[in-house]
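Subject: Structure for your files

Dear colleague,

Please find the structure below, sequence included. My notes on what was found in it follow.

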Amino acid sequence: MMHEMSMCGLDEKNFYCCCQLLLQQSEQLRDGWSWEAVQGSEEGYLKKTALRSVVIDSSSVWDHEGCGSDSEPHTSCHSQPDQPDEEEEQAAAVASGDTDSIKGDIDDEDEDDGVCAVSEGSSQMLQYEYHILLSCSYSTPVLYFRAFTLEGRSLSLEEVWSSVHPNFRLRLQNSPLNTITLQEHPLLGQPFFMLHPCRTEEFMRPVLQAAQDQHRPVNYVLSWLSVVGPVVGLDVPLQYSTQLHPAPPPSSGKPD
Amino acid sequence: MASETSEAVSSTPDLKLQFAPFSSALEAGFWHQLTQKKLNDYRLDESPKCIKGYYYNGDPLGLPTRLTLEFSAFEVDGPTPARCCPATGTLYNTNTLDAFKTTDKKALLEKEAKEIWDAIHSEAALKDPSILCKFILLTFADLKKYHFYYWFCFPALCFPEGIKLVQQPSALEQVFSAKQIAALQEAYDGMCIKRETTAVPYFLMKYTDDTVQMVPLEDWDMFFTDTKKVTVGVYDPCTLSQHPGWPLRNLLVLLAYRWGSKLDTVEVLCFRDRTLQGSRSIQHSVIFQIKLPALPLNSACPKSVGWEKNPKGAMGPRMVNLSECMDPKRLAESSVDLNLKLMRWRLVPSLDLDKVVSTKCLLLGAGTLGCNVARTLMGWGVRRITFVDNAKISFSNPVRQPLYEFEDCLGGGKSKALAAVERLTKIFPGVNAEGYNMSIPMPGHPVNFSEATLSQAQRDIEQLEKLISEHDVVFLLMDTRESRWLPTVIAASKRKLVVNAALGFDTFVVMRHGLKTPAVSPSVPAGADSSTSCSSASSSSSTPAGSVPAVQGSSLFSNIPGHKLGCYFCNDVVAPGDSTRDRTLDQQCTVSRPGLAMIAGALAVEMMVSILQHSEGGYAVASSSDDRMNEPPTSLGLVPHQIRGFLSRFDNVLPASLAFDKCTACSPIVLDHYEREGFNFLSNVFNSSHSFLEDLTGLTLLHQETQAAEIWDMSDDESI
């Protein structure tokens with residue numbers, strides 16, 4: 001079914017099939033993708049959330065190897081992504097003023113000794129929300145995402161750009177591959193960032209062509225995701241293609 | 001924070017169990033949804049609402065133990081994300097900041113703690129142990145500023161003396177064999193499948209060397225016939241190796257209450273289940289040996305704790321400012337800018353948007369042309385737009401003038417300049433628009449009827465001079481020829497870029513006026529320092545305008561530098577090579593084909609943008625129709641002097657022509673008189689018959705263009 005896919009693009013039915021296949025694999029790999037249906041319609045999107053601790057300095061924000069076992073993610077962080085304008089600081093002052101006025105009625109003098117000391121700095125944690133939607137006009141999948149602090153404050157475009165790894169940033173700005181822009185989420189109506197699909201077809205065509213030539217099944221959404229995902233910190237485990245593909249013909253195995 | 005490997009294995013007798021508290025984690029969608037709820041459902045209703053969060057036990061090491069609320073938090077019966085445990089909560093959304101501050105937090109906590117305690121008493125908590133993991137969320141949503149104040153509480157009942165550990169906690173892999181671990185994982189998965197869920201918050205467990213059995217909490221009495229050794233499992237969101245997460249805390253109270261008398265110690269498995277790069281592991285789960293403290297039967301509800309500390313580590317609420325991502329005005333602004341940036345990223349990488357966006361535009365005339373120019377400027381993200389017009393909106397206007405509506409015509413009609421500002425602000429609140437309801441004095445329209453009219457004219461001129469000084473580009477968009485004279489003179493004197501658009505019935509001209517080289521004499525009036533870039537004007541002046549190479553084509557003039565280009569009054573009727581057909585423009589006819597104003601208005605703005613993109617700005621050499629095949633001088637293409645359009649043929653030509661040294665508006669003698677004599681000179685122009693200017697410049701005709709055309713054609717030839 002997948003390999004019969006028309007070369008030119010992805011229609012709704014194929015998109016849905018690709019998503020279902022990806023979901024099955026994600027379920028096996030516990031990769032966290034889920035299908036979010038839009039109420040009262042057949043439309044929907046793939047969703048995944050991820051939490052990462054980031055190192056923030058004035059010039060860049062990028063992933064600290066969050067999974068590496070003995071990392072101390074909080075040491076080199078500044079308090080906030082670069083945005084404390086005056087108003088914000090005032091507001092923060094108001095909030096801390098409130099703190100003083102509110103805590104009166106809570107007994108924190110007899111401190112809860114059942115709590116362990118946690119050097120948690122919530123502002124260094126970023127939550128990422130990734131959505132994969134179908135763009136009908138481009139007939140390609142589109143990656144929507146937003147990043148926000150644990151307080152739920154979305155990052156600005158500038159902050160998001162700075163959270164793109166420097167290596168990628170340079171490449172992105174020069175390469176026609178894709179570009180991050182702010183758009184209203186077509187199904188949720190909330191502001192999201194998206195990787196613009198205008199060149200997706202261009203870089204997917206060789207992938208599809210190669211697959212077709214080798215009579216190899218290819219999941220359009222998965223292949224596409226493995227290209228665009230890493231740009232915005234979304235990992236696509238190799239196991240999707242190594243473990244789970246229905247045994248590929250031995251000749252087509254290409255070591256990369 | 002505890003380190004991973006525990007070196008001190010010696011079991012100190014006073015080892016106390018401490019729990020990692022929940023950190024609240026809110027997704028951006030939560031605040032959007034709360035806003036919707038507040039606006040549409042709750043309104044002023046402050047009563048507690050049921051909401052839902054969830055927690056996860058598969059985080060990589062180092063992440064805080066979170067209770068997450070997303071946009072679906074308000075659908076209590078909705079699905080929980082796979083492999084997450086739900087937690088139900090109570091939302092108290094206050095109407096005022098004051099109510100938020102004065103809410104009795106202690107009472108809220110005690111109320112919730114009492115409910116947990118009651119559920120422990122009755123068997124409710126056994127049947128539905130998720131009751132043990134509840135939370136409170138106190139909020140105040142300031143929807144004017146998009147500031148959200150909030151405070152979470154994760155109620156936990158306390159043992160007065162704390163909880164003692166029998167020995168240091170150990171990782172599952174230190175206690176269990178690989179076989180046992182595999183059996184444990186299988187038993188957990190089996191239990192999940194049996195209960196048609198993907199996560200079980202609490203369970204009971206028995207194991208041998210190669211088997212593991214698991215059942216839900218409520219099966220205690222059947223499962224544990226022998227209470228010598230009891231193992232309880234808890235789905236544990238914590239990643240610390242020495243501490244359990246919060247969900248265990250109330251479970252221990254439940255155990256102590258129900259079975260404390262029979263149990264001395266209890267073994268707790270903090271079940272952690274993570275998958276990295278497709279490979280799953282549970283061996284990092286932690287096992288605690290706990291000595292259960294005694295809870296006296298029928299005792300009152302124990303002391304409770306649970307309000308979350310703020311980021312500073314103090315007891316207090318948090319505040320998040322979401323105006324950036326929720327205030328519609330801010331969103332509109334960033335969307336407008338981003339839309340333009342998209343153009344730069346993808347199509348015209350070298351486009352200098354800041355130059356365009358920051359350009360201050362003065363629109364003289366707020367009629368059909370003014371409305372269309374304003375809308376196109378808005379499309380380009382221009383923020384500063386000022387209108388000058390003295391007319392009121394009449395019933396014929398709205399269909400052609402897209403900033404006005406029928407309502408604006410009623411009661412005599414609103415002032416166009418002011419109504420245009422109002423509408424612009426409605427279309428895009430980020431615009432910085434101003435309107436001036438004033439007249440522009442005109443040659444041949446005397447102002448000397450009385451002292452009053454004279455001083456009014458003087459004030460109008462001063463105001464106009466001030467406005468032209470304060471702006472970067474002046475658009476001439478009036479419907480009479482004469483009214484363009486004064487701003488042409490002032491702008492030429494102040495070296496401001498002028499873009500002029502005029503309509504015939506089915507023809508139009510859009511042109512930039514020649515931008516005079518900066519005056520060298522120190523006696524020039526202030527304002528000569530034009531803010532448009534006048535970088536290398538002199539360098540281009542060395543190219544003689546008349547050195548026409550063997551360029552064939554209709555244009556007599558090529559490569560005219562910007563400072564030698566004519567103004568509207570120089571060459572209104574001079575259209576090289578096409579002069580006979582280009583003459584309908586000047587007939588003072590306000591009837592035109594309806595599409596014309598939109599076309600001309602749009603072209604006027606696009607011409608301005610192209611000029612701004614040129615490194616020499618208004619001094620750029622004029623492109624002509626012959627340049628259409630050549631390498632364009634800017635990233636956006638040509639920078640013509642004029643665009644003349646013929647709707648009957650759906651055709652545009654790009655003529656260029658030289659400034660005329662006897663021009664009634666921009667010739668040196670006129671500018672010199674204006675700069676030296678100011679109002680005296682101008683009032684002479686207004687009050688005299690047109691022979692005054694004609695005498696001054698050596699022309700004899702101002703309005704009769706047929707004859708003038710011939711004279712100008714000759715003069716142009718001479719000037720080469």
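**Salt bridges**

A:Arg153 counts as buried, at 7% relative accessibility. Its salt-bridge partner is A:Glu159, and the closest N and O atoms of the two are 3.5 Å apart. A:Glu159 is buried as well, because its relative accessible area of 5% falls under the 20% cut-off. Please keep in mind that this is a predicted model.

Over all chains, the search of the whole structure finds 33 salt bridges. Two others, both in chain B, are set out here.

B:Lys291 and B:Asp264 meet through their side chains, at 3.0 Å from N to O. B:Lys291 lies in strand S15 (residues 286–291) of chain B, while B:Asp264 is in the loop between helix H8 (247–259) and strand S12 (265–271), so the pair ties together parts that are 27 residues apart in sequence. B:Lys291 is partly exposed, with 39% relative accessibility, and B:Asp264 is partly exposed with a relative accessible area of 47%.

The salt bridge of B:Arg280 with B:Asp273 has its closest N and O atoms 2.9 Å apart. Here B:Asp273 is buried, at 3% relative accessible area, whereas B:Arg280 is partly exposed, at 23%.

Chain B also holds a network of salt bridges, which links B:Glu405, B:Asp408, B:Lys414, B:Glu422 and B:Arg423.

**Chain A and its helix H6**

Chain A has seven helices and seven strands. Along the sequence they follow the pattern α-β-β-β-α-β-β-α-α-β-β-α-α-α. Of the 256 residues in chain A, 49% are buried. Among the contacts in chain A with a separation of 6 or more, 58% come from residues 24 or more positions apart.

Helix H6 (residues 220–228) of chain A is mostly covered, with seven of its nine residues buried. The buried residues are A:Tyr220, A:Val221, A:Leu222, A:Ser223, A:Trp224, A:Leu225 and A:Val228. What do the buried residues of H6(A) pack against? Their partners in chain A are helices H1 (12–29), H5 (200–213) and H7 (239–242), together with strands S4 (125–135), S5 (140–149) and S7 (191–195).

**Two helices in chain B**

Helix H15 (residues 451–470) and helix H16 (residues 485–493) of chain B pack at an angle of about 50°, and their axes are 10 Å apart. That angle makes H15(B) oblique to H16(B). The crossing of H15(B) past H16(B) is right-handed.

On the H15(B) side, the residues that meet H16(B) are B:Ile461, B:Leu464, B:Glu465 and B:Ile468. H16(B) brings B:Leu486, B:Pro487, B:Ile490 and B:Ala491 to the contact. By class, the residues of this contact are seven nonpolar, no polar and one charged.

B:Ser241 sits in the loop between strand S11 (231–235) and H8 of chain B. B:Ser241 counts as partly exposed, at 24% relative accessibility. How far is the C-alpha atom of B:Ser241 from that of B:Glu675? The two C-alpha atoms are separated by 84 Å, and the residues are 434 apart along the chain.

Regards

Notes. Residues numbered from 1 in each chain as written. Chains lettered and ligands numbered in written order. Predicted model: local features only at pLDDT ≥ 70, side-chain atom pairs only at ≥ 80, totals over all residues. Heavy atoms only, no water. Axes fitted to C-alpha atoms, helices over the stretch in contact; angles between N-to-C directions. Helix = DSSP H or I, 4+ residues; strand = E, 2+ residues; numbered from the N terminus. Parallel < 35°, antiparallel > 145°, perpendicular 65-115°, else oblique. Left-handed = near helix turned anticlockwise from the far one by under 90°. Contact = heavy atoms within 4.5 Å. Nonpolar A, V, L, I, M, F, W, Y, C, P; charged D, E, K, R; others polar. Salt bridge = Lys/Arg side-chain N within 4 Å of Asp/Glu carboxyl O. Buried < 20%, exposed > 50% of the residue type's maximum accessible area, 1.4 Å probe, protein only.
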